[in-house]
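Try each task before reading its solution.

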Amino acid sequence: FAELLRGVVRRRIPSRLPRLPSTTSSRGCQLLLDYSESMVPWWEDLRELARQVSGVLGAERTSIFDFASSPARARRWRADREALEAWQAEPGRPIVVATDFGICGAPVRDLGGTGWRAFVDACAAHDCPLLILVPWSHAYWPRNLGLHPQLVHWHPATSAAMLRRQRGLGHRTAR
């Protein structure tokens, strides 16, 4: 900011204005849904989440993938359960994951070799905003995912306005 101010005072128009990156819905999102055994109680919620996200963003801007335990192995499917494509991060496109990390309600501090850390790192490397919805409270979340993902306790009272206030989802910090 100081550099910008000095340039304006000296009557030099900057060639590039600094901007804060902002998360928008213009790029749609990739929605990765965990259909593992530990998520059986939430399978209907996952289907409803997919329906609502597609309804808000539009089906053409929502890519829905499902996985069991490892999001990096998520797939899109046709109606006859034939795999269409494997998930891969699209640079800058937001990713929303609904999962319980396979914890089944038990506190987990380290996800070890489950592939979650590599998944989070791949999202960060492609500058994809990453929001992870978890049906268990904060006390049960893993602690080794780094700063890139935003984890949210997903429950009936969760709303977009609440997320914006709680996590500042309107803007991401520049790296």
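**Exercise 1.** What does the accessible surface of the chain come to, and what percentage of it belongs to carbon and sulfur atoms?

*Solution.* Bear in mind that this is a predicted model. The accessible surface comes to about 10800 Å². Carbon and sulfur atoms hold 54% of that surface. Now turn to the interior: of the 175 residues in the chain, 37% are buried.

**Exercise 2.** List the elements of the chain in order from the N terminus.

*Solution.* Begin with the count: the chain has four helices and seven strands. Then walk along from the N terminus, and the order reads α-β-α-β-β-β-β-α-β-β-α. To see how the chain comes together, take the contacts with a separation of 6 or more: 65% of them join residues 24 or more positions apart.

**Exercise 3.** Which way do the side chains of β5 point, and are they buried or exposed?

*Solution.* Recall the general rule: side chains in a regular strand alternate between the two faces of the sheet. In β5 (residues 95-98), Ile-95 and Val-97 point one way, while Val-96 and Ala-98 point the other way. Finally, check burial: all four of these residues are buried, each with under 20% relative accessible area.

Note on methods
Residues are numbered from 1 along each chain as its sequence is written. This is a predicted model: local features need pLDDT of at least 70, side-chain atom pairs count only at pLDDT 80 or more; totals for chains, interfaces and linings use all residues. Side-chain values use heavy atoms; hydrogens and water are left out. Buried means under 20% relative accessible area, exposed over 50%, partly exposed in between (1.4 Å probe, protein chains only). Helices (H or I, at least four residues) and strands (E, at least two) are DSSP runs, numbered from the N terminus. Contact means heavy atoms within 4.5 Å. Accessible areas come from the Shrake-Rupley method with a 1.4 Å probe; for residues, only the protein chains shown count as cover.
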